[in-house]
Amino acid sequence: MIGRSIAVLTAPDQSEEIAGILMRIKEGERVEHYETKRRRKDGSIIDISLTVSPIKDENDRIVGASAIGRDVTQAKRDEEALQGALQDLRHLTDELARSNSELQRFAYVTSHDLEEPARTVASFCELLEHRYRGELDEKAREWIGYAVAGAQRMRAMVAGLLEYSRLESHTKPFAPVDCAGLVAEALANLHFSIDESLAEVTFDSLPVVTADASRLVQLFQNLIGNAIKYSGRTTPRVHISAERRDDDWVFSVRDNGIGIEPRHREQIFDMFQRVHAQNQYPGTGIGLAICKRVVEQHRGRIWVESEPGRGSVFYFSLPIQPGA
């Protein structure tokens, strides 16, 4: 290179570039991290990051330039690959969001449209049973009883599915709410089952959290209602408390019920997953799925610790907002 112009290193489409850089150097400017392309000895073109500084003599006159070129070809390829992957990920995320939205609308519309036919089937089965009870033999009455029970279960499942689908379609802005008041509201909604079972429900001092109040009432109501339903033959005793753990409030709903086998502790939070037969404990298997979704919407998690015959403790966490 001695005695040759630096222009021989320039890529074919950048012949004017060096003149511009030298003009900036003559004005005393330092050029840093200038991304461009250069030609290697074998003729191949590579990406470089260029830093050029003016060289001055003892009289502070600019007499030359010092240049450092770093080969960033692989870094550029990695960046392009990363950008491509990010673009693919954004596309996949958009497709997933669109698919999820369509699925939510389908669940809502389907469950809403099924609500009336389910009610009609249940009503006419009950009417048939009452009107022709004296004209039917025992086997016919038994079959009608099965039909009535099935129609009622179908209505309950449709109602539960509709409630679950509404979790996504009707959301409110989060605001500070007093959890003690929310528990009191949940207990008021459950007063019939509490009075019927003679349940004892207590709770400690509970914090103020930033949340959707209606969703948390639903959460507490489902957990307390389950504790009462699965109390077995003992008088239900339910206690609710909360403690701060790092950046979360961790709530617990403790009961003295029948408990849960270890193998069932995860599946009980899935849709329509039931551990017990319908004739033992009625239900649709949607309540805990709703609890899980509500907690996830609040960026928390839910889990259970339990032993068969020794009750259960359902835990859920809610993040503590800045300044809370």
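A crossing of two helices is called left-handed if the near helix is turned anticlockwise from the far one by less than a right angle, and right-handed if clockwise. Keep that in mind for this predicted model, where local features need pLDDT of at least 70, side-chain atom pairs count only at pLDDT 80 or more, and totals for chains, interfaces and linings use all residues. Residues are numbered from 1 along each chain as its sequence is written, and side-chain values use heavy atoms, with hydrogens and water left out.

The crossing of α4 and α6 is right-handed.

Who touches whom? On the α4 side the contact (heavy atoms within 4.5 Å) includes L182 and V183, and these residues and their α4 partners meet a set in α6 that includes L216 and F220. By class, this contact has nine nonpolar, two polar and one charged residues (Ala, Val, Leu, Ile, Met, Phe, Trp, Tyr, Cys and Pro count as nonpolar, Asp, Glu, Lys and Arg as charged, and the others, Gly among them, as polar).

Now move along to α7 (residues 287–297), which packs with α6 at about 145 degrees, axes 9 Å apart. The crossing of α6 and α7 is left-handed.

Terms used: Helices (H or I, at least four residues) and strands (E, at least two) are DSSP runs, numbered from the N terminus. Axes are lines fitted to C-alpha atoms, for helices over the stretch in contact, and angles run from 0 to 180 degrees between N-to-C directions.
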